[in-house]
Amino acid sequence: MLLVVTYSTAARNSLRNVCRTHEDSVVRRFGRAALLEATEHGAFLALRLREKHPEDVQLERTEPFNEFRSVRDAVREAARAYESRSNPNTAYAKFAVDSPHPDPEELRVREL
């Protein structure tokens with residue numbers, strides 16, 4: 001997919017118009033951003049926006065996030081355990097102390 005992010009009111013308005021006019025190429029809209037199909041038409045629409053608002057449009061190519069391929073088992077298990085915790089007000093840093101789950105600082109610095 002192609003991620004289009006806008007940084008000005010004019011660019012946002014253009015993105016909204018493109019999304020309304022070409023709904024078949026829009027995967028999802030997020031207000032200031034949109035995901036477009038990874039087709040030449042999606043690329044054409046994204047490049048039009050970039051051409052019209054060169055400093056106010058960022059384009060990125062994305063891929064779906066596969067948690068089973070990209071994330072260690074320990075991280076998935078920690079997320080599952082944390083969401084099942086008995087006290088919903090407990091911060092993860094406190095929750096992870098003396099547990100088998102990764103330390104929050106380790107999670108911050110480790111790349112996927």
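Figure 1. Four strands, in the order 2-3-1-4, make up an open sheet with antiparallel pairing. Strands are DSSP runs of E with at least two residues, helices are runs of H or I with at least four residues, and both are numbered from the N terminus. Two strands count as paired if DSSP finds at least two bridges between them. Strand 2 (26-29) and strand 4 are the edge strands, and each pairs on one side only. Neighbouring strands of this sheet are turned by 20 degrees against each other on average, direction ignored. The model is predicted: local features need pLDDT of at least 70, side-chain atom pairs count only at pLDDT 80 or more, and totals for chains, interfaces and linings use all residues. Residues are numbered from 1 along each chain as its sequence is written, and side-chain values use heavy atoms, with hydrogens and water left out.

**Figure 2. Strand 1 and its two partners.** Strand 1 (residues 2-6) is mostly covered, with four of its five residues buried. Buried means under 20% relative accessible area, exposed means over 50%, and partly exposed lies in between (1.4 Å probe, protein chains only). Strand 3 (residues 33-36) pairs with strand 1 in the antiparallel sense over four bridges; here leucine 2 stands opposite leucine 36. Strand 4 (residues 57-61) pairs with strand 1, also antiparallel, over five bridges. On this side, valine 4 has leucine 59 as its bridge partner, and valine 5 stands opposite glutamine 58.

**Figure 3. Helices on the sheet.** Helix 2 (residues 40-52) lies across strand 1, strand 3 and strand 4, and runs at about 155 degrees to strand 4. Axes are lines fitted to C-alpha atoms, for helices over the stretch in contact (heavy atoms within 4.5 Å). Angles between N-to-C directions run from 0 to 180 degrees.

Figure 4. Aspartate 73 forms a salt bridge with arginine 76, and their closest N and O atoms are 2.3 Å apart. A salt bridge is a side-chain nitrogen of Lys or Arg within 4 Å of a carboxyl oxygen of Asp or Glu. Both residues lie in helix 4 (residues 73-83), three residues apart, which is about one turn of the helix. Aspartate 73 is partly exposed, at 46% relative accessible area, whereas arginine 76 is buried, at 14%. The structure holds six salt bridges.

**Figure 5. Surroundings of arginine 85.** Arginine 85 is found in the loop between helix 4 and helix 5 (92-96). With a relative accessible area of 19%, arginine 85 is buried. Its side chain meets that of glutamate 83 in a salt bridge (3.9 Å, N to O); glutamate 83 counts as exposed at 61% relative accessibility. The side chain of arginine 85 also reaches the backbone oxygen of asparagine 87 at 3.2 Å. Leaving aside neighbours within four places in sequence, arginine 85 is in contact with Thr90 and Phe95.

**Figure 6. A network of salt bridges.** Arg72, Glu106 and Arg110 are linked in a network of salt bridges. Between arginine 110 and glutamate 106, the closest N and O atoms are 3.4 Å apart. Arginine 110 is partly exposed, with a relative accessible area of 46%, and glutamate 106 is partly exposed, at 31%. Side chains of opposite charge can pair when their charged atoms come close.

Key. Polar contact = N/O pair within 3.5 Å; in protein donor to acceptor, adjacent residues only side chain to side chain.
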